[in-house]
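The following note sets out several points for a colleague who is examining this model. Please read it alongside the sequence and the coordinates.

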Amino acid sequence: GGCGPAGGVPVRGTVTFDGTPIPAGIIAFVGPDGGPGVYGGPIRDGRYEVPADRMMPPGTYRVQVSWPKPTGKTVSAGEGGTPMPETAEAIPARYNAATELTADVRRGAAVDFALTR
């Protein structure tokens, strides 16, 4: 037995939407046919990095990008709860729920995404 996948690779890169870095979102790399393995992390100021302790095996992954953008409204958090900022998905479904994105993850390669409307 080992500690994690053998031959894993760190993954980092940038994500923009219509030329603008995504300020705060989530990226997920999903193994072929929904598995094995889902790897990912937060997007901050257009940059992401899969944590070093979650090194991914090399290969081709489906990629999902989500940007829960604040709408300027608040929503109830239930009885006695503090109202929370409402968000709406700013990225088209073809990049998340019905993703068309793929990435070939290899050692030493940055994986950047320039998404458009």
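**Notes on the predicted model**

1. Tyr48 has a relative accessibility of 4% and therefore counts as buried. The model under discussion is a predicted one.

2. Ring pairs join Phe29 and Tyr48 with Tyr39, Tyr61 and Phe113 into a cluster.

3. The search of the whole structure for aromatic pairs returns five. One of them is formed by Phe17 and Trp67, whose ring centres are 6.5 Å apart and whose planes stand at 80°, so the arrangement is edge-to-face. Because Phe17 belongs to strand β1 and Trp67 to the loop between β6 (59–66) and β7 (68–75), this pair ties together parts that are 50 residues apart in sequence. Both Phe17 and Trp67 are buried. The pair of Phe29 and Tyr48 is tilted, with 5.9 Å from centre to centre and 45° between the planes. It links distant parts of the chain, with Phe29 in strand β3 and Tyr48 in strand β5, 19 residues apart.

4. As to overall architecture, the chain has 10 strands and zero helices. Of its 117 residues, 31% count as buried. Among contacts with a separation of 6 or more, 59% are made by residues 24 or more positions apart. The chain exposes about 7,000 Å², of which carbon and sulfur atoms supply 54%.

5. Which strand pairings deserve a look? Strand β3 (residues 24–30) pairs with strand β4 (residues 38–44) in the antiparallel sense, over seven bridges. Within this pairing, Ala28 has Gly40 of β4 as its bridge partner. Strands β4 and β5 are also antiparallel, paired over two bridges, and Arg44 has Arg47 of β5 as its bridge partner. The hairpin of β4 and β5 has two residues between the strands, and Asp45 takes a positive phi near 50° there.

6. How many salt bridges does the structure hold? There are three. In one of them, Glu49 meets Arg12, with the closest N and O atoms 2.7 Å apart. This pair links distant parts of the chain: Glu49 is in strand β5 (residues 47–49) and Arg12 in strand β1 (residues 12–17), 37 residues apart. Glu49 has a relative accessible area of 41% and is therefore partly exposed, while Arg12, at 45%, also counts as partly exposed.

7. Arg117 and Asp18 form another salt bridge through their side chains, at 3.0 Å from N to O. The two residues are 99 residues apart and link distant parts of the chain, Arg117 lying in the segment after β10 (113–115) and Asp18 in the loop between β1 and β2 (20–21). Is Arg117 buried or exposed? At 65% relative accessibility, Arg117 counts as exposed. Asp18, at 36%, counts as partly exposed.

8. The side chains of Arg106 and Asp104 also meet in a salt bridge, at 3.1 Å from N to O. Arg106 has a relative accessible area of 40%, so this residue is partly exposed. Asp104, at 43% relative accessibility, likewise counts as partly exposed.

Key
Residues numbered from 1 in each chain as written. Predicted model: local features only at pLDDT ≥ 70, side-chain atom pairs only at ≥ 80, totals over all residues. Heavy atoms only, no water. Salt bridge = Lys/Arg side-chain N within 4 Å of Asp/Glu carboxyl O. Helix = DSSP H or I, 4+ residues; strand = E, 2+ residues; numbered from the N terminus. Buried < 20%, exposed > 50% of the residue type's maximum accessible area, 1.4 Å probe, protein only. Pairing = 2+ DSSP bridges. Contact = heavy atoms within 4.5 Å. Areas by Shrake-Rupley, 256 points an atom, 1.4 Å probe, with all protein chains shown as cover. Phe/Tyr/Trp six-rings, centres within 6.5 Å; stacked < 30°, edge-to-face > 60°.
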